[in-house]
Amino acid sequence: QVQLVESGGGLVQAGGSLRLSCAASGSIFRLNAMGWDRQAPGKQRELVARITPGGSAALAEFAKGRFTISRDNAKNTSYLQMNNLSPEDTAVYYCNAYILRQWGTPWDNYWGQGTQVTVSS
């Protein structure tokens, strides 16, 4: 079994910051790209950020200049540092990871349960 557990969500005032963490655990042979999506009420899920094992990152346009994605490969953990938050960032944030559970099997995309981020004006 593989689990992705997010933490760090909560309530913050506009202009504030939050740091989300996503720890992957369980039967992991290799961990490839990790990332974050979000889904606001009444809206479709959208990509926030992705990062490769080597640290190459891609950010959605709305995240550039405010959000930073990073990872600790030794801990199988990714982080999303979010600064200068606005009420439009209110959403459930989901982490994901492409994981190979054992050699010779397909890569699978796993998702966490989501963590709520609420930004008050």
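A salt bridge joins the side chains of Lys64 and Glu61, with an N to O distance of 3.2 Å; the term denotes a side-chain nitrogen of Lys or Arg within 4 Å of a carboxyl oxygen of Asp or Glu. The structure is a predicted model, in which local features need pLDDT of at least 70 and side-chain atom pairs count only at pLDDT 80 or more, whereas totals for chains, interfaces and linings use all residues. Residues are numbered from 1 along each chain as its sequence is written, and side-chain values use heavy atoms, with hydrogens and water left out.

Lys64 is partly exposed at 46% relative accessibility, and Glu61 is exposed at 63% (buried, under 20% relative accessible area; exposed, over 50%; partly exposed, in between; 1.4 Å probe, protein chains only). In total, five salt bridges were found. Asp89 takes part in a salt bridge with Arg38 at 2.9 Å, N to O. Because Asp89 lies in the loop between strand 8 and strand 9 and Arg38 in strand 4, this pair ties together parts that are 51 residues apart in sequence. Strands are DSSP runs (E, at least two residues), numbered from the N terminus. Asp89 also forms a salt bridge with Arg66, at 2.7 Å, N to O. Arg66 is placed in the loop between strand 6 (57–59) and strand 7, so its pairing with Asp89 ties together parts that are 23 residues apart in sequence. Asp89 and Arg38 are buried, and Arg66 is buried as well. A network of salt bridges links Arg38, Glu46, Arg66 and Asp89.

Glu6, in strand 1, is buried but has no salt bridge; Arg45, the nearest side chain of opposite charge, is 7.7 Å away (Lys and Arg count as positive, Asp and Glu as negative; His and the chain ends are not counted). The side chain of Glu6 reaches two backbone nitrogens, that of Cys95 at 2.7 Å and that of Gln113 at 3.0 Å. Beyond four places in sequence, the contacts of Glu6 (heavy atoms within 4.5 Å) include Cys22, Trp36, Tyr93 and Gly114.

In soluble globular proteins, nonpolar side chains tend to be buried together.

Two aromatic pairs were found in the whole structure (ring centres of Phe, Tyr and Trp, the latter by its six-membered ring, within 6.5 Å; planes under 30 degrees apart stacked, over 60 edge-to-face, the rest tilted). The ring centres of Phe29 and Trp103 are 6.3 Å apart and the planes lie at 65 degrees, so this pair is edge-to-face. Phe29 is in the loop between strand 3 and strand 4, and Trp103 in the loop between strand 9 and strand 10 (108–111), so the pair ties together parts that are 74 residues apart in sequence. Phe29 is partly exposed at 40% relative accessible area, while Trp103 is exposed at 68%. Phe62 and Phe67 also pair edge-to-face, at 6.4 Å centre to centre and 85 degrees between the planes. Phe62 is partly exposed at 25%, and Phe67 is buried at 2%.

Conventions: Helix = DSSP H or I, 4+ residues; strand = E, 2+ residues; numbered from the N terminus. Polar contact = N/O pair within 3.5 Å; in protein donor to acceptor, adjacent residues only side chain to side chain.
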